[in-house]
There are 2 protein chains.
Amino acid sequence: MSDYKAPVKDMRFVMDEIVGLAEISSLPGFEEATPDMADAILEEAARFTGEVLAPLNRLGDTEGCKLEANGVVTPAGWKEAYKAFCDGGWNGLGSPAAFGGQGLPETFGIAVKEMAASANLSFSLCSMLTGGAVAALLTCASDELKAVYLEKMITGAWTGTMNLTEPNAGSDLALIRSRAEPQADGSYRVFGQKIFITYGDHDMTDNIVHLVLARLPDAPAGVRGISLFLVPKFLVNADGSLGARNDAHCVSIEHKLGIHASPTCVLAFGDNGGAVGYLLGEANRGLEYMFIMMNEARLGVGLQGIALAERAYQQALAYARERKQGRDAVTGEALVTIDRHPDVRRMLMLMKSRVEACRAVAYYTAGLLDRAHAGADAGQKQRDLFLAEFMIPIVKGGSTEMGIDVTSLGIQVHGGMGFIEETGAAQHWRDARITTIYEGTTCIQANDLILRKLARDQGATAQVVFGEVAATVRALSESERPELQAMGQRLGTALPAWIESTEWLLANAKSGISGVLTAAVPYLHMATSVCGAWMMGKAALAAAARLQEQGQGDVQFYRNKIATAGFYADQILPQVEAWAATVMAGDAAIEGIGTELFD
Amino acid sequence: MSDYKAPVKDMRFVMDEIVGLAEISSLPGFEEATPDMADAILEEAARFTGEVLAPLNRLGDTEGCKLEANGVVTPAGWKEAYKAFCDGGWNGLGSPAAFGGQGLPETFGIAVKEMAASANLSFSLCSMLTGGAVAALLTCASDELKAVYLEKMITGAWTGTMNLTEPNAGSDLALIRSRAEPQADGSYRVFGQKIFITYGDHDMTDNIVHLVLARLPDAPAGVRGISLFLVPKFLVNADGSLGARNDAHCVSIEHKLGIHASPTCVLAFGDNGGAVGYLLGEANRGLEYMFIMMNEARLGVGLQGIALAERAYQQALAYARERKQGRDAVTGEALVTIDRHPDVRRMLMLMKSRVEACRAVAYYTAGLLDRAHAGADAGQKQRDLFLAEFMIPIVKGGSTEMGIDVTSLGIQVHGGMGFIEETGAAQHWRDARITTIYEGTTCIQANDLILRKLARDQGATAQVVFGEVAATVRALSESERPELQAMGQRLGTALPAWIESTEWLLANAKSGISGVLTAAVPYLHMATSVCGAWMMGKAALAAAARLQEQGQGDVQFYRNKIATAGFYADQILPQVEAWAATVMAGDAAIEGIGTELFD
């Protein structure tokens, strides 16, 4: 088992230098989000996640959840930790104060969410799903439903779930068959089976609020005939007390590769006459409401990739600093700790630099969401929203793929011990494996990026990003530090490759859709690499500026940040041109061959 | 659970067109290794592995091994399968006929080993380890020991183990502490604890032959003071019957991420007065003997990466051909099988092309070993041996890293179902994770490649490879087929990048060892990519030639081979230039910073 110590220093650096905390806290409604408040929250969250959640992580993995007669039983300690989590106010950090939340910007929320996911991903999923359900209710619930459910969910007294997938409807929600029958009292009876429902049942709270996609009797076929319903586990009486058990039951839980402590449920609705449900918003607009939340949920899953990679990095570093094997290749000193071996150092630096790059991109995106939410200028808010929405598939797809790679490196640093489950390194890798799948696979992120986010404004938002990257290239090139100039040169070579690939995609989007879709994931990887280097470039520039302010701040931290950015540029940026070649190859090699290609 | 059907067609193609089976079977001693014999063996091995070993794979994963009072108990069916395996003669396929083996070339053996590892990696490890021990005995055992042990091990009546690692001596064998005390009768008493001993105990045979690295009392410190001992589980009487239980016991087995059915043992030698052992070869040359076998064992582990990737590919393909989701992006047809979606097709093609490329490199290397073993010309034999030894770290490091990537893609193709253990896709990924670690980590392979294989002849063997690749580039460029010309162009761009990187490494090997060692793994990836493309280029040329021989052979197979080679060139080869940039960056970004880099 390993300790977890939240990387507060890097988080604060990113908030100040990349996100622009000073600006965020000047936005209307975020006046309390001062740097002092940031320090206080990060320190307290670091303590809570490190001391309370992290020690339960391996226990949750080995013990897992059980389905018993009365429902799902979570691992030992889960209930108490959940209560402490809610008592600390962590569940509703970003939710409106009017409903019991703290009303803090996502710029704060993202750091706390990262910590929770690093400390104990399985545990953190419950709150994440509740947050998604809260966002849905805020978007489309009636005032009556809001009054009954929102505060309970924001404080964490009740949790929420998202019920999309069915056995035959995974990525393709058009195939959803669950149905809802209108009742005389304005409510509905919901029938159907949902699978892969995270925390679909558990024993931590006395009620669970299921949000369920289902079809009304007269609904059109396909995705335009799906409505969203609120189906509580227990009905709620007029006085707010709990009433009858609703006809929504967990019938089995999955035996999974990872996140063992997060119960993944099959939920049966309406096996005994119908589950009482309430329509959210308008009929047939369910998918639309889901998509409003989806961007935020995807940012959260991207963050999980970063969180697990950070945890794996901390564990690998701790091991490498302790484990002694072999001689120092340069000095010849015998029996040195393995962090002195060049390839272990390379792996640790790959881990560190990729985590820091993805963290900066994710936090930057959270900042854009805050600006889009609270900004003063409507035009700027719209541009910030588009920019955030452009970045989100990059954060989700790129950071989760990174998370798998980096947690794998974490095992590799441990050598044979990494393969032994007691070590704990393997759990991070197993846990990470779901992140490129749920909330939309990497392919779906890539398609979202090119078919929606790029295409909807014919690359206009992409142009904004290109302009920002180019500005960073200029600043790096104009630096007096040769290491920053070198970064500028690499980024300056990568950017045109990204631009050229983008133009290729836009030009071929209609005529060569098969090639464009073949190029989608390679394009996503490329975008991830450039955006990561862009952020690391900004970070290096900021660090260099701080170093010039004599005697200010943490000299070692700033020097390491510059070295880390340079390492990222050397190891990751060269791949951008390779991805460009692959993108523009499209599906040329297999064009015109049908499914007999695999015979 | 998934079926396994050995890719006999591709194996035979590679044997004929890449390895040159006709030439191999003309070598002295290999006269029986005819194409007809190849067909017969491959068909029978395909049947046995598909029908007997493959169905036990998932069962072995879930049931695992248990340590009971009398030792390790293997999963249900293991004993019977092992007996059938040995009865079929599969255990001694490549071993000398004089000791009960079949004396067939490694060109045959590698295909059978691939099938066994695809069907059931955990099961196949027992025979693989025995093969390593047999190779050691053939190299350095006295005639007396050979007479007692070899035939039993070659027929599989007894199995073998390799005891290198100790708790503080993993990659660094200089730290070995196990010791051997000479006895008056010429035998030794061995004391010490060994960890990570594959099939260190089991219930499939009545004896186990441990090969153990240990130090003699007067041995020099470090790796030059290690000797190799044979320590049987049961002593063997003069008449060949089993005698007393030796003082070598399994004290625990590991709880691992994967290969659950392969018992990974902690073995205690000499807890009760000393384990009787026999010195193999000369004192203090133990490590040297181990290294003789190591090349072969590493080829075998590289093959495991290929085997698991092939199995994962077959399973993903079967799922993709069945699972229906979404519309065809080109025709708009509703509810199509997902193998028609461009990104699923991309993933399947990545899997297929990378497996085929690595298979061709591995089999080519096995052919070189056969030539080095049985060739007529001493000079050519030496050149073939050096070439094989140059390729082996590329096969081991490259194919196992590929195996992790490709089994991960196998999960991804399954979407959410891939994360559910019952699906079986996750097991391949978990099983694959050990392959980049055991028999020398990827870093150790990369260091072997650059510090030993490149440096020992100052790149002369590498020049031979470069020449061969250049010849393939020329042949591709001269083809009348535009798709082959395109491949030639990509390979023709990649080759100079590899050459330049090689020159950089050779030039910096002494002055900048830290940078060179930082570049080692990136260099290995680059070598893997170029060698894979070289082999796929040769395969495409052969396929094109067969297609021109009107009416000959399997037209669809040859067309697919060309498409697969082209896809590999488009997706993988562009990365070579990126790796070159990374190699030649060395450790510039972090040079001069100590371990405070991670503070």
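**View 1. Salt bridges between chain A and chain B.** In this predicted model, the count of salt bridges between chain A and chain B is 2. In a salt bridge shown here, the side chain of Arg321(A) meets that of Asp599(B), with 2.9 Å from N to O. On the side of chain A that touches chain B, the residues divide into 40 nonpolar, 25 polar and 20 charged.

**View 2. The area buried between chain A and chain B.** The contact draws 85 residues from chain A and 85 residues from chain B, and together the two chains bury about 7600 Å², of which 63% lies on carbon and sulfur atoms. Three residues, Arg345(A), Phe419(A) and Phe598(A), supply 12% of the area that chain A buries against chain B, which is more than any other three residues supply.

**View 3. A hairpin in chain A.** Strand β4 (residues 179–182) and strand β5 (residues 188–198) of chain A run antiparallel and are joined by 4 bridges. Where the two strands face each other, Pro182(A) stands opposite Tyr188(A) in β5(A). The hairpin formed by β4(A) and β5(A) has 5 residues between the strands, and Gly186(A), which lies in the turn, has a positive phi of about 90 degrees.

**View 4. The two domains of chain A.** Chain A is divided into domain 1, covering 158–284, and domain 2, covering 442–589. The centres of domain 1 and domain 2 of chain A, taken over C-alpha atoms, are separated by 41 Å.

Conventions. Residues are numbered from 1 along each chain as its sequence is written. Chains are lettered from A and ligands numbered from 1 in the order in which they are written. This is a predicted model: local features need pLDDT of at least 70, side-chain atom pairs count only at pLDDT 80 or more; totals for chains, interfaces and linings use all residues. Side-chain values use heavy atoms; hydrogens and water are left out. Contact means heavy atoms within 4.5 Å. Buried area is the accessible area (1.4 Å probe) that two parts lose on being put together, summed over both. A salt bridge is a side-chain nitrogen of Lys or Arg within 4 Å of a carboxyl oxygen of Asp or Glu. Ala, Val, Leu, Ile, Met, Phe, Trp, Tyr, Cys and Pro count as nonpolar, Asp, Glu, Lys and Arg as charged, and the others, Gly among them, as polar. Two strands pair if DSSP finds at least two bridges between them. Domain bounds come from an automatic or database domain assignment.
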